[in-house]
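This report describes how a protein chain is folded.

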Amino acid sequence: MAEEQPPEVKAEARQFMSDLMAAPPPEEFTGGAGADMAAWRDTFAANDNPMEKFWSIYNPSSMSIWTMVYDEADSNENLNDTVQLVKDFMKNTESLRDHCFGVMHILENLDIDGLWFFNGPDPEQLFGANEDTSWYTWAQLGPDANELVEKVVASILVPVDGKLNGNTIKDTQIF
């Protein structure tokens with residue numbers, strides 16, 4: 001079960017996230033081809049620190065970055081079942097492989113945190129293709145790659161010492 005956090009920790013986390021999030025005004029999202037997700041997957045798999053390459057392909061006018069947190073983590077009872085939950089989520093997302101890339105971490109407290117990149121302004125296609133998305137809270141980062149956004153993206157894509165938010169990462173699934 002997830003440990004209940006004190007109110008001041010929750011308030012600090014809410015403030016941090018609200019400083020990060022801002023939906024792009026519609027006139028700034030011009031569309032375009034977005035990223036070649038297959039090429040990005042290859043780059044990510046072959047690189048110990050893919051951040052420089054990521055920021056060279058990220059275009060806020062044709063892509064969006066989203067975090068996700070599993071809302072029912074307190075009901076996760078063991079690591080194996082939680083890993084299977086994430087694998088099922090990714091299997092149900094397979095039809096969108098050319099349009100998105102995701103990393104989902106299962107933490108020692110069985111929380112599930114993830115980061116997704118989409119070709120497009122939002123994860124609406126994913127919501128339509130995978131009903132399990134409703135079990136997660138989604139929050140957009142950016143659209144501009146400011147220092148806070150870059151820090152959060154790096155902390156999830158290339159976690160330091162195998163930890164995320166102070167918790168040890170027990171399993172990672174990449175889509």
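Two strands pair if DSSP finds at least two bridges between them; helices (H or I, at least four residues) and strands (E, at least two) are DSSP runs, numbered from the N terminus. This is a predicted model, in which local features need pLDDT of at least 70, side-chain atom pairs count only at pLDDT 80 or more, and totals for chains, interfaces and linings use all residues. Residues are numbered from 1 along each chain as its sequence is written, and side-chain values use heavy atoms, leaving out hydrogens and water.

An open sheet is formed by six strands in the order E4-E1-E3-E2-E6-E5, with antiparallel pairing. E4 (136–141) and E5 (163–164) are at the edges with a single partner strand each, so one side of each has no neighbour in the sheet. Seven bridges join E1 and E3, and Met 63 stands opposite Asn 119 in E3.

Axes are lines fitted to C-alpha atoms, for helices over the stretch in contact, and angles run from 0 to 180 degrees between N-to-C directions.

| Helix | Strands | Angle |
|---|---|---|
| H2 | lies across E1, E2, E3 and E6 | about 40° to E2 |
| H6 | touches E1, E2, E3, E4 and E5 | about 115° with E3 |

A nonpolar core is a set of buried Ala, Val, Leu, Ile, Met, Phe, Trp, Tyr and Cys residues joined through side-chain atoms within 4.5 Å; buried means under 20% relative accessible area (1.4 Å probe, protein chains only). The largest core has 22 residues, and Phe 54 and Leu 157 are among those touching the most other members. Elements that each supply at least two of its residues include H2 (37–46) and H6 (147–157). H6 gives the most, five residues.

Definitions and conventions. Buried means under 20% relative accessible area, exposed over 50%, partly exposed in between (1.4 Å probe, protein chains only). Contact means heavy atoms within 4.5 Å.
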